[in-house]
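Dear colleague,

I am handing over the structure we spoke about, which you will find just below. Please look through it first, and then read on for what was found in it.

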Amino acid sequence: MTGGWRRQRALIDFAVANMARRRGRNLGLFLAYTLVVFLISGVVLYGDALRREARALLADAPELVVQRLTAGRHDLIPAGWTETLAGLRGVTAVQGRLWGYHYDPALGANLTLWVPLEDAPLPGQVQIGSALAREKGLGRDDVLSFRDAYGKPFPFAVAGTLERQSELANADLMLVNEKDFRAFFAFPQGMFTDLALSVRNPREVRKVAEKVLERLPAARVISREEMARTYEAAFNWRQGLLLSVLSVLLLAFALLAWDKASGLSAEERREIGILKAVGWETGDVLAMKLWEGGLLSLTAFLAGYILAWLHVFHADAPLFTAVLKGWSVLYPRFALVPEVNVAQLASLAFLTVLPYVAATLVPVWRAATLDPDGVMRE
Amino acid sequence: MIELLDVHKTFNPGRENEYQAIRGVSLAIEAGKVTALRGPSGSGKTTLLGLLGGLTRPTRGRVRLDGRDVSALSERFLTLLRRDTFGFVFQQFQLIRDLSVLDNVMLPAQPTGRSYAEIRRRALALLEDLGLAQRAATPSQWLSGGEAQRAAIARALINDPRVILADEPTSHLDSDLSQQILAILGRLREQGRTLILSSHDPLVFEVGLVERVVTVKDGVIVP
């Protein structure tokens, strides 16, 4: 072991002993620090995971969705538009989609009925989202009955539940076949909710959208990119709101940390004087305090980050659900894909560890650069 | 050999509370001898000790150690010199609370880069020698006055300095304990170390330990 490392080790030993001597104060700081890192990291981790999830879901969405607007509102789209758009250059497929909402008074939630383009359930059957199955206590072969557009009971036999992995998208979803859908909503034949367009070259999506609007001025064209941006904006707004609220907490912690860590007591100043008098250089005192601040802030940071990680990825983040997922009766429960983003981790560490360490060093440096002879006069 | 050449020390210069503690002192301390600074409280003994031991710099004048001017050394080199050459025993012991006696004794050696085991061995040997081995793990604030002073002496010796500076080493002790401490200081002299004491305790001057007395009054040496 080299002299330099031995010296650092001795300084670390002393720093640890020093922290243990003021364990009440340091424990308080550690807990407050951990809480702040936990909350901020939690919001950042959760927001990022939701964005990732949304991006993954949108990867399967059509490049363009065309809706019809009547008086500025979404209206049913005639099947004839399909032929109109199929002839556009660059469009490889146009498919009419059927979906709609049904309010379930028992649940107090809006359910989404959707006709899948492939593998639709058999007539009289339904596949339901996990959240809906959970809330209603439904399993395979159970019967789910709603009142249709004419107010008559319309029973569906549950053929299965949808995968939990995609619960973000299917929490309130009911997959039905076309015949049942049209019958349930009294949805006119030859009409669709909207159209899904596949575009050969992803770089031509914008051009194709322009062409759609030229041919069908009453249409609204939504690209996958725009949907992604909308999700992004919604999550950013919510995350920003939560971080703004948390910034008050951060400020409170900063004041506490500044007061506790930077305000040297007379006793601490005396001790620094003793260290200097018995042969510690200013650099030794600073290094020891650096270790002290570094150990406390790093361990608190890691504890806070790990707790946030467990909270978000293994406990469904109950603290942030309401704000970040948005309001819902049928909250989706889905396992977010755990991911450690090194850049994000470094940024969080930079924003929390460095200010604390700096706050502790300045007053120590001031005390450590004074002549140590004050010790002799006390 | 430590020399002070026309040394002045002014605290808070240019301020309302400016105070001239030492006024043009020239003094030579002989190596291997016991020198005592005597004088009433506030006479400048402690400041003089601080100047001799490199704890503070003169406002004017020079301090020489073995013929080398140390008053102009950078803070870093002065600290290293202080650590290797001087051991300090402060008036109020100045042990760090809640730290064990052993840790307190090891303090001056911590940043030297010596191995922990070596420092610990030396600290335990010193505590054994001073009759404090059984108190090694005790927090320093639990020590009696005599024990605290012995722990402070052990701390002063950890880096094996050739000069020991002791500021009022018996001021907080009763006469029995004072005798014990003076006996320990006598042993240090026998080991060939230079001792510089400041005291106004008559006992220090009666036991035959001190070889030279320097009387200080109002910041000057009186013949």
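**Overall form of the two chains**

For chain B, which has 223 residues, the radius of gyration is 17 Å, and this agrees with the value near 17 Å that a compact globule would have. Please keep in mind throughout that this is a predicted model. The C-alpha atoms of chain B fill a box of roughly 45 × 40 × 35 Å along the principal axes, and the chain has seven helices and 10 strands. Of its 223 residues, 55% are buried, and among the contacts in chain B with a separation of 6 or more, 69% are between residues 24 or more positions apart.

Chain A has 13 helices and 12 strands. Its radius of gyration is 31 Å, whereas the globule rule gives 21 Å for 378 residues, so chain A is more spread out than a compact globule. Along the principal axes, the C-alpha atoms of chain A fill a box of roughly 100 × 45 × 45 Å. Buried residues account for 47% of the 378 residues in chain A, and of its contacts between residues at least 6 apart in sequence, 80% join residues at least 24 apart.

In soluble globular proteins, nonpolar side chains tend to be buried together. In this model the largest nonpolar core has 48 residues, and the ones with the most contacts inside it are A:Trp280 and B:Ile2. The largest share of this core, five residues, comes from strand β2 (residues 19–29) of chain B. Leaving aside residues up to four places away in sequence, A:Trp280 touches residues of both chains: in chain A these are A:Leu11, A:Phe14, A:Leu275, A:Val285 and A:Met288, and in chain B they are B:Thr79, B:Leu107, B:Pro108, B:Gln110 and B:Pro111.

**Aromatic rings and charges**

Over all chains, the structure holds 13 aromatic pairs. One of them joins B:Phe88 and B:Phe90, whose ring centres are 5.9 Å apart and whose planes are at 0 degrees, so this pair is stacked. Both residues are buried, B:Phe88 with a relative accessible area of 5% and B:Phe90 with one of 1%. In chain A, ring pairs link A:Phe154, A:Phe156, A:Phe181, A:Phe184, A:Phe185 and A:Phe187 into a cluster.

There are also charged side chains placed over rings: the charged end of A:Arg182 sits over the ring of A:Phe192, 5.5 Å from its centre, while B:Arg38 lies over the face of B:Phe205, at 4.8 Å from the ring centre.

**A strand pair and a buried serine in chain A**

Strand β12 (residues 219–223) of chain A has a covered face, made up of A:Ala219, A:Val221 and A:Ser223, and an uncovered one, made up of A:Arg220 and A:Ile222. This strand pairs with strand β1 (residues 64–70) of chain A in the antiparallel sense, over five bridges, and A:Arg220, on the uncovered face, is the bridge partner of A:Gln67.

Apart from residues up to four places away in sequence, A:Ser297 touches A:Tyr33, A:Val353, A:Tyr356 and A:Val357.

With best wishes

Notes
Residues numbered from 1 in each chain as written. Chains lettered and ligands numbered in written order. Predicted model: local features only at pLDDT ≥ 70, side-chain atom pairs only at ≥ 80, totals over all residues. Heavy atoms only, no water. Core = buried A, V, L, I, M, F, W, Y, C linked by side-chain atoms within 4.5 Å. Buried < 20%, exposed > 50% of the residue type's maximum accessible area, 1.4 Å probe, protein only. Helix = DSSP H or I, 4+ residues; strand = E, 2+ residues; numbered from the N terminus. Contact = heavy atoms within 4.5 Å. Pairing = 2+ DSSP bridges. Phe/Tyr/Trp six-rings, centres within 6.5 Å; stacked < 30°, edge-to-face > 60°. Lys NZ or Arg CZ within 6 Å of the ring centre and 35° of its normal. Rg over C-alpha atoms; globule rule 2.2 N^0.38 Å.
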